[in-house]
Amino acid sequence: MAETRTEALHRNAEGLDIQAPEAILVSLADAQIEAAKAVRNAIPAIAKAAEIIAARLMSGGKLAYAAAGSSGLMALADALELPGTFGIRRDRIAILIAGGDDAFRTLAGGPEDDTEEAAAAVANAGIGKGDCLIALSASGTTPYALRAIEEAGRRGAATIGIANNRDSALLRRAQTAILLETPPEVIAGSTRMGAGTAQKIALNMLSTLTAVHLGHVHDGYMVNLMADNIKLRDRAARIVAAISGRGKDEAAGLLEKSGGAVKTAILLAAGADSADAAEKLLEGTGQKLRPALSAIEGNKGSKA
C-alpha cells in the first residue's frame, strides 16, 4: 500500500522519544490544534451533508453511522448523544461498528476487514430508501466502512463519507464527501489523535447543524432536549425561563403541564391555550419555535 498522509511521519516526530516530557506534550497539543483547523476547509461539505440528514429525518427516515476502530468511537460518541441533547428518537439512529458489541471491550483490528459483517449490519438496521448513512474512516480505505457505504447506497440511502486522506476510496464512493485533510500524526498512523479530533469536531458540527434545521435549537438553547435526570430537568427549566422571561419556578410548572416538552412549555408561557394547541402549532411550523412564537404574537395582535 502506498503511504498516505495519515501514515506519514510528522515533521516534529524525529527524536520525540528522547525529548523532555513537556516538549513532547507541546508537540502533541500543537498537532491537535493543527488538526482541528483542518475542519474549516470542510465547512461547505458539512453544511450540504446536514441539509441532507435533516431532510431524511424530517421525512421519517433513519440516520446511521458506520465505522471501525477509533472512527467508530467518534461515531458512537456523536450518535449516542443525539436523543438526550436534541430529542431525536433512539429508534431513528443506527450505530454500525466493526466487531459489534465486542468492539466496546476490545476494539480489535480484525473486524474492520469484515465486509460481510458490514453488509449484514446495514441490512439488519433496515437502512434503505429515505435513510442516510455516514461512513467514517481516517484512511478512507477501511473495508468495513467502504462496504457499508456501498450497501447503503445500493439500498437507496443517501451516503456521506468522512475521511482524512484526499482522493480516498471512501470519499469517491460517497454521494457527499467530507475531506478532513489533517496533517500527519506525531505518532505515525495513530489516527485516534489528530484525525480523530477532526472527525469529532466535524461530527459535532454536522449533527448540531442538522438539529438547527430540525428546529431543535433556538438562540443557542437546546429546546428539544430529553430531560431525564435532575441536571437536565434543571436545564430545561432554565431554558424555558430564559426564553419566556418567566421565573424558574413558574417555568418548572409549565414544564409539568407540557409533559416535559421545552418548546411546548415556552409556547404555553407565550399564551398558547393548551399543551395540545401548542403542539399543533409546532406541527404547523415544522417544529420550529420562532415562527410558532410569532404566530401567537400575531394572534394576540389581531384580537386586540
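**Close-up views of the sheet and its helices**

**View 1. The open sheet has five strands in the order β2-β1-β3-β4-β5, with parallel pairing.** The edges of the sheet are formed by β2 (93-97) and β5 (176-179). Each of these two strands has a single partner, so one side of each is left without a neighbour in the sheet. From one strand to the next, the twist averages 15°. The model shown is predicted.

**View 2. Strand β1 (residues 63-67) runs parallel to strand β3 (residues 132-137).** Four bridges join the two strands. Within this pair, Leu63 stands opposite Cys132 in β3. Strands of a sheet pair through backbone hydrogen bonds, either parallel or antiparallel.

**View 3. Helices α5 and α7 lie across strands of the sheet.** Helix α5 (residues 143-154) lies across β1, β2, β3 and β4 (158-163). Its direction is at about 165° to β3. Helix α7 (residues 194-213) lies across β1, β3 and β4, and α7 also runs at about 165° to β3.

**View 4. Helix α8 (residues 230-244) packs with helix α10 (residues 262-270).** Two packed helices are described by the angle between their axes and the distance between the axes. For α8 and α10 the angle is about 35° and the axes are 9 Å apart. The crossing of these helices is right-handed.

**View 5. Residues of α8 and α10 meet where the helices pack.** From α8 come Ala236, Ile239, Val240, Ile243 and Ser244; from α10 come Val262, Ala265, Ile266 and Ala269. By class, this contact has eight nonpolar residues, one polar residue and no charged residues.

Notes
Residues are numbered from 1 along each chain as its sequence is written. This is a predicted model: local features need pLDDT of at least 70, side-chain atom pairs count only at pLDDT 80 or more; totals for chains, interfaces and linings use all residues. Side-chain values use heavy atoms; hydrogens and water are left out. Two strands pair if DSSP finds at least two bridges between them. Axes are lines fitted to C-alpha atoms, for helices over the stretch in contact, and angles run from 0 to 180 degrees between N-to-C directions. Contact means heavy atoms within 4.5 Å. A crossing is left-handed if the near helix is turned anticlockwise from the far one by less than a right angle, and right-handed if clockwise. Ala, Val, Leu, Ile, Met, Phe, Trp, Tyr, Cys and Pro count as nonpolar, Asp, Glu, Lys and Arg as charged, and the others, Gly among them, as polar.
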